[in-house]
Amino acid sequence: MTATLSRPAHAAATGPAHGLVGTWQLTRLALRRDRVVLPIWIILLGIMPSTSSGTFETLYPTAAERAGLTASMGANPSLSLIYGPAFDLSTAGGFTAWRLGGFLALIIGLMAVFTVTRHTRAEEDTGRAELLASAVVGRYALLSAAVLVSAGASVLIGLIETGLMIGAKLPAEGAIALGGVTAATGLVFTAIAAVAVQVAEYSRTANGIGATAVGVAFLLRAVGDSTSDAQWVSWLSPIGWAQRLRPFADERWWVVLLPLAATVVVGAVGYSLLPRRDVGTGLLPPRPGPAEAAASLRSPFALAWRLHRGPLIGWLIGVAVCAAVFGSVASGIGDVVGESAQAKEIFQRLGGTDALIDAFMAAMAGMFAMVVALYGVQAALRLRTEETAIRVEPLLATGVGRLRLLGSHLVFAFGGTALMMVVSGVLLGLSNGLRGDDVGGSIGDMTVASLAQLPAVWVIVGLAVTLFGLAPKFSTAAWAIAGLALLLSLFGAVLNLPQVLLDASPFSHVPKLPAAEFTATPLIWLTGVAVVALAAGLVGWRRRDVG
């Protein structure tokens, strides 16, 4: 049997065609593993544009109201920073593409990164990829299976978007453009993730590289669209390409060649890098540590700090930069929009207050809370990664207790999110206060507004701990919970979803500070839910088997 297995394995490593042996079987396995998470991504992203388009006529029933949208909102750098350039907002299709196009590209990029990493680098972390490589499986099969799943999901999302928008009686040409460019953006970030998993040593690092690429793309798009003298910057971003195809606004079809060309070039780089490394290693392996651990590593918390410090610092820098940018443009809303009822209505729906600047700042505080919750999930599930890599059992075999070990990681899950919310609040307030000559008051208001979001963030983190403790095999569902809460909060009101669905997101219960009246009751309830979820996770962790 050894001779029978070794010969095809050798052939798989030497020929390009044989290097794909087993791709179809691994693709089926990946689809089976993602049979819950992937359909959620596909359905939510696929139905969002068609559902949102139905609200346009409700918000702006008359032709006079629609006629002024492009001029009023397109001239507002604050709105361009968030949504992108407004090419033609006089139609339901153009308005939908403006409101959702950038966010669809952002979310599908994250989906692609997580999917590729999950089925490549994460498999190498657990040692399963090495077992597969020892059998009749080609060298490129694992990566090809992950790319097929991610690319297939992206294309399916684009097809669903197109079909449903045409079914909603939107122009077919614009529907094809929006659905096609959404799919093309997913393909670009699939290729970027294929490179990231070759460079990184561990799945968390690969996810970090891919997510950073998505964040940088969104930031480049935001800076270019909100700065008249630097619009060329948007052309450096795949998300900027998605919007410059101009769906429903005199489409420029040649733009779609940019993401397709980038996919081919970057994907080829990923495949060319694959044979240059061994299974289980990265092109940039971590530096070997000293032969003896330093005194600073002789505790579970010190080890947790070593594991969490990189992501924590990276997230803090990202939150700080984005908070400074978004806060600096808040004061321009009232000056540019003036008496525009349309823009005022949008921000009232986002922030729940009549003051445009306060509504914008309330919306930003909520948006940062949703993003920070993703870090909380990542930190809460860090010990699960250590557990599946069989690095937890040796620690527990010593004098380290279970709760002490988990508690060391939860300090970063709960404390790290609190620190990020403080940083986001201070910098939102500082950058806004410098423009409005009220630094002290603005910092105070935004710090309180950001901290008010913290109980909702902790609910998401607590649910992640619950899954880790009680159902570790399904702990990755915490990402779905966080993503669903984010989508409901961002788009639920715009899509006129039933209130019972909107209430499923903990962020919908937080008072919309700084202008809304502060009410402690919902925050107390949210904190109680977070405590119960945390307690359930701790109890489960104490009682269940490790691994």
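Is Pro238 buried or exposed? Pro238 is buried, with a relative accessible area of 13%. Buried means under 20% relative accessible area, exposed over 50%, and partly exposed in between, with a 1.4 Å probe and protein chains only.

## The model

This is a predicted model: local features need pLDDT of at least 70, side-chain atom pairs count only at pLDDT 80 or more, and totals for chains, interfaces and linings use all residues. Residues are numbered from 1 along each chain as its sequence is written, and side-chain values use heavy atoms, leaving out hydrogens and water.

## Around Pro238

Pro238 sits in helix H14 (residues 238–244). Helices are DSSP runs of H or I, at least four residues, numbered from the N terminus. Not counting residues up to four places away in sequence, Pro238 touches Thr185, Val188, Phe189 and Ala217. Contact here means heavy atoms within 4.5 Å.

## Salt bridges

The structure holds eleven salt bridges. Each is a side-chain nitrogen of Lys or Arg within 4 Å of a carboxyl oxygen of Asp or Glu.

Arg221 pairs with Asp225, the closest N and O atoms being 3.1 Å apart. Both lie in helix H13 (residues 203–226), four residues apart. Arg221 is buried at 0% relative accessible area. Asp225 also meets Arg244 in a salt bridge (2.6 Å, N to O). Asp225 lies in helix H13 and Arg244 in helix H14, so the pair ties together parts that are 19 residues apart in sequence.

Elsewhere, a network of salt bridges links Arg33, Glu123 and Arg128.

Terms used. Helices (H or I, at least four residues) and strands (E, at least two) are DSSP runs, numbered from the N terminus.
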